[in-house]
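Hello,

Here is the structure we talked about. Please open it first, then read the notes below.

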Amino acid sequence: LKKSILNEGYMSFDITSYLKEHATWFEEKVKEKWFDDPETDPSSLYKAMQYSFFSSGKRVRPALCFATAEALGVSRDHVLPIAASLEMIHVFSLIHDDLPAMDDDDLRRGQPTNHKVFGEAVAILAGDALLSEAFMPLLDIDREVFSSDSILEVVRVVMTATGPKGMIGGQVIDLESEGESVPLERLQKLHAYKTGALIRAAVLAVAVLAEAKPETVQSLDRFATGIGLAFQIADDILDVEGGAEIGKDVGSDLEKGKSTYVSHFGLDGAKEERQKAFEEAVKALDSFGEGANALRALGEFIVNRKK
Ligand code: IPE
Ligand code: IPE
Ligand code: MG
Ligand code: MG
Ligand code: MG
């Protein structure tokens, strides 16, 4: 990878500490602001929601929100609602993804999947509840700082990324591609929708809230789209060669006959595609200064991650 003087700094960026510090802060704030006491009636539902939300996720989407805010000179407090909303939607997607009707998995974030603990009905409803609660943080975006128009645009970005043209649509394509040898174009769409969309929204929603210039939004969009693809290719690779640290069932894709970058390109080919997507993504940040080092480092973490 060609390094420019400007972006060399990210190579020494301590991404592990960055993720950890932001995750701890994020979890504390979110619990205080947007989650009720788990004993609230009906407590099986409140417990199920928190069981999955507060388990040990990497919090990559929130970290992308914070790093984008940093690149645009916005404080992380101001984008916390976007991070919270997207993580609620992400966790809803994980709970449903693991259900017997979908991937039928037993392990998630190093613990039994939601339906294994709370039963299928409550797991479905806990996912639904997380999706409806995901609107609440967005209503708490500071209206003394940001215009109502840009807040409404944020809602559009987040919910478009969630719905039939985003994660949910991608999950349907994923299920319909099981046991099929789909063309590359279809596979690209599947990855862009099921995983790329929410990752892209983490960056784009912040840029929209900050009312960044169109060229800036475009560059950030190119970065986020590339990183989103690299993220799911990495996930496909880890499903084959991941260790216990991935905290979920290894070999689940092969067992289900999933269409993945590994099934399409083979393991080495998938790794090349992952690297290509990453390089393309980081190039999009060339016009950004050191303020984007956290974003660059996150991109690097996403391709090289072991969990
Ligand atoms: C897993 O996402 C599901 C995909 C979209 C690939 P993550 O790898 O971000 O899962 P957590 O949040 O860290 O558990
Ligand atoms: C998940 O894709 C995409 C989601 C929207 C959750 P996978 O089914 O590959 O995710 P994991 O491997 O179970 O986390
Ligand atoms: Mg799945
Ligand atoms: Mg799955
Ligand atoms: Mg997977």
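**Around ligand 2**

Ligand 2 is surrounded by Ser 93, Leu 94, Asp 97, Asp 103, Arg 108, Met 167, Gln 171, Lys 194, Thr 195, Gln 232, Asp 235 and Lys 248. Keep in mind that this is a predicted model. Six of these shell residues are charged, four are polar and two are nonpolar.

Some side chains make polar contacts with oxygen atoms of ligand 2. For Asp 103, the distance is 2.7 Å. For Asp 97, it is 2.9 Å. For Lys 194, it is 3.2 Å. Taken alone, ligand 2 exposes 380 Å², and the protein buries 92% of that.

Helix 4 (76-97), helix 9 (167-176), helix 10 (184-209) and helix 11 (214-241) each give two or more residues to the shell. Helix 4 has the largest share, with three.

**The pockets**

Ligand 2 takes up the space of the largest pocket. That pocket holds about 780 Å³. Its lining has 42 residues, and His 90, Leu 94, Arg 108, Asp 235 and Lys 248 lie nearest the centre. Helix 11 gives the largest share of this lining, six residues. By type, the lining has 22 charged, 12 polar and eight nonpolar residues.

The second largest pocket holds about 410 Å³. It is lined by 21 residues, with Ala 192, Gly 196, Arg 200, Thr 225 and Gly 226 nearest its centre. Here helix 10 gives the most, eight residues. This lining divides into 10 nonpolar, six polar and five charged residues.

Best wishes

Methods
Residues are numbered from 1 along each chain as its sequence is written. Chains are lettered from A and ligands numbered from 1 in the order in which they are written. This is a predicted model: local features need pLDDT of at least 70, side-chain atom pairs count only at pLDDT 80 or more; totals for chains, interfaces and linings use all residues. Side-chain values use heavy atoms; hydrogens and water are left out. A residue is near a molecule or strand if one of its heavy atoms lies within 4 Å of it. A polar contact is a pair of N or O atoms within 3.5 Å; within protein, one must be able to donate a hydrogen and the other to accept it, and residues adjacent in sequence count only if both atoms are side-chain atoms. Accessible areas come from the Shrake-Rupley method with a 1.4 Å probe; for residues, only the protein chains shown count as cover. On a 1 Å grid over the protein atoms alone, a cavity is a set of points where a 1.4 Å probe fits but cannot get out, and a pocket is an open set with protein on both sides within 12 Å along at least five of seven lines; lining residues have an atom within 4 Å of a point. A molecule sits in a cavity or pocket if more than half of its atoms lie within 2 Å of its grid points. Helices (H or I, at least four residues) and strands (E, at least two) are DSSP runs, numbered from the N terminus. Ala, Val, Leu, Ile, Met, Phe, Trp, Tyr, Cys and Pro count as nonpolar, Asp, Glu, Lys and Arg as charged, and the others, Gly among them, as polar. Grid points are joined across faces, edges and corners, and a volume is the space filled by probe spheres set on the points.
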